[in-house]
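Notebook open, sequence and model side by side. I want to jot down what I looked up, starting with the inside.

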Amino acid sequence: MFARINDQDLEFEANETILDVTRRNGIHVPTLCELADIDHAPGTCRACIVEVRRPGHAEPEYMTACDTPLGEGWQVMTRSPKAQEMRRLQLEMTMADHHQDCSTCPRNGNCELLSVANAVGLKQIRFHYQEGWKDLPPDTGAQPVVYDRSRCIRCQRCVAVCRKVQSVDALEMTGWGRTAGVRLKGGNVDASPCVACGQCVMVCPTGALAERDQTQNVLDCLADPGIITVFQMAPAIRVGFGEEFGLPPGTNVEGQIVAALRTLGADVILDTNFGADVVIMEEGTELLGKLSEKKRPVFTSCCPAWINFAEKHYPGILPYLSSTRSPQAVVGKIAKTYLAEKRGFDPARMRVISIMPCTAKKEEAARPALGENGRPDVDIVLTIREFARLLRREGIDLKSLEPSAYDDPLMSEYSGAGAIFGTTGGVMEAAVRTMFYVINGKELEHIEVSQLRGFENVRSAHVNLGGELGEIKVAMCHGLKGTRALVEAVLSGEADFDFIEIMACPGGCVDGGGTLRSKKAYIPYALKRRETIFNIDRKAKIRQSHNNAQVKKLYADFLGAPHSEKAHHLLHTHYSPRPRGAETSVQAERRKPRAQDGK
């Protein structure tokens, strides 16, 4: 079939939209609500209006390009004066209904709404609705993700990613006219299906959805001479931060981040990768014990959004979760016990500050079980976006800094196994390396376990650990849509696995809900960040968690042995069902993961 667009005769297939065809042929049409990466084109913003002349119709019609299938013989003009005028009017009305105090917006400098307003040539805003946003109650909660209706443009991207990509279905549209917006089903976080994964934030084109900003809390800690600031950096941070300061996506900026933290005045700088190595010692030992007792499967427990999902959606799976804390929680606990003891710090004066790629880590840090006598092990969690704000507030340009190295003698060394925690399959591969050594007394010959490194949302494999255990069946999943299907298959007996790794965010931690947002794109740099993570592993002097000298010293001087009584008390936790008041309207896709070839 053929149509004429901007005086070009173009071929197209049935059911292709006008936007599909214009994009394929390099013809620009501005869009705002639409996001192709999640197959979302509701046509609500009307920024993509084009002029259409259809055969048999005397007058031109004006249609939204994103959701209108192109027709045979149509003539489409994307730049007609009337279409351009209508786009400007639509954006003017959208801006008039929008909280325009851009200086206070979390999306300041990176707003898709402003970019589209500029793209359509908007020069003035003649209409100003009653500023109803001033009557909105102040947000005084502690939830990790904050919604500001005054900045919402009702694009429904958040609803779509929560329902279609994550299969959580925690959000719904509410209200009408200028009171329209988004709300949590059930009315609040506890009653809703929400798991705080933050993927809604990743697709929001404005500042309507954002992480709870704690940068001021960090500055207050740094300014207080009575406080000892202890920073930790997650595996994914070093590969997902450089582009904020003009470096190529996926650049490893670990050294520059350490230098930036020193410039800020951090007292102690640790690496969460150290905690990942400790997690492998604990989780690996726990897993080997359960497998020898035929207690299977065992699910990983590093991802807090996955823990929330299990507690809220599938409490029946909780007995199968590893009791080992996440690397963030492990570092927090060890810092306020072991590090405090060795360096003579008063734990009451210590503030552990995490830099994480994850919004759910904020909620994890607030769990009562992850603290002592009402004092949390991790005091503040900054997402990557907040860390960028913090550096800018202090006038620090990451790109101009000379890389610096860790110097803490107790908790900064890490193995390649700890580094790969940042990507899907990494926890599994790190555990396999150490479990093989524990069983056989020798290192795994092919240290990069290729069958664990796929990128499918749900994948499975057979791994030969040797010894009495021999071959085990493992599965890995990133994204909660696949997780729902996998968990239901396990509970129904359709799926049979020994060890299962879950990461709630598509792509794993390198694309978590706290990572940098991209205009008109959803997780565009996943593979670049993932490859850098693997390169860090390849270049590491040690590549197995059990060979980390600082981890060995921790056990020799403080914990005793993996899964000892002391280690279990400090480094393990428990989970509880969290009944919710709102149900989801999604169904798991009924498919049984199949083991890949290769062992």
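Predicted model: local features only at pLDDT ≥ 70, side-chain atom pairs only at ≥ 80, totals over all residues.

How many nonpolar, polar and charged residues does the lining of the largest cavity have, by class? I get 19 nonpolar, 6 polar and 2 charged. My classes: Ala, Val, Leu, Ile, Met, Phe, Trp, Tyr, Cys and Pro are nonpolar, Asp, Glu, Lys and Arg are charged, and the others, Gly among them, are polar.

Residues are numbered from 1 along each chain as its sequence is written, and side-chain values use heavy atoms, with hydrogens and water left out.

**Cavities.** I searched the whole structure and found 6 cavities of 30 Å³ or more. A cavity here is a set of points, on a 1 Å grid over the protein atoms alone, where a 1.4 Å probe fits but cannot get out; lining residues have an atom within 4 Å of a point. Points are joined across faces, edges and corners, and the volume is the space filled by probe spheres set on them. The largest cavity comes to about 300 Å³. I count 27 residues in its lining, with Cys302, Cys303, Lys361, Phe421 and Cys509 nearest the centre. The elements giving two or more residues to that lining are α8 (272-292), α9 (304-313), α10 (327-343) and β19 (499-503). β19 gives the most, 3 residues. Helices (H or I, at least four residues) and strands (E, at least two) are DSSP runs, numbered from the N terminus.

**Serine 326.** I found this one in the loop between α9 and α10. Is serine 326 buried or exposed? Buried, at a relative accessible area of 2%; the cut-offs are under 20% for buried, over 50% for exposed and partly exposed in between, with a 1.4 Å probe and protein chains only. Past its neighbours within four places in sequence, serine 326 is in contact (heavy atoms within 4.5 Å) with Val279, Ser301, Cys302, Lys361 and Glu364. Cys302 and Lys361 also turned up among the residues nearest the centre of the largest cavity.

**Helix α4.** In α4 (residues 157-165), I see Arg157, Cys158, Val159, Ala160, Val161 and Cys162 buried. They pack against α3 (112-119), β7 (171-174), β8 (181-184), α5 (199-203) and β9 (209-211). Just after α4, serine 167 has a positive phi of about 60°.

**Whole chain.** I noted 18 helices and 19 strands. Buried residues make up 59% of the 599.

Key: 1 Å grid on protein atoms, 1.4 Å probe; cavity = no way out; pocket = protein on both sides within 12 Å on 5 of 7 lines; lining within 4 Å.
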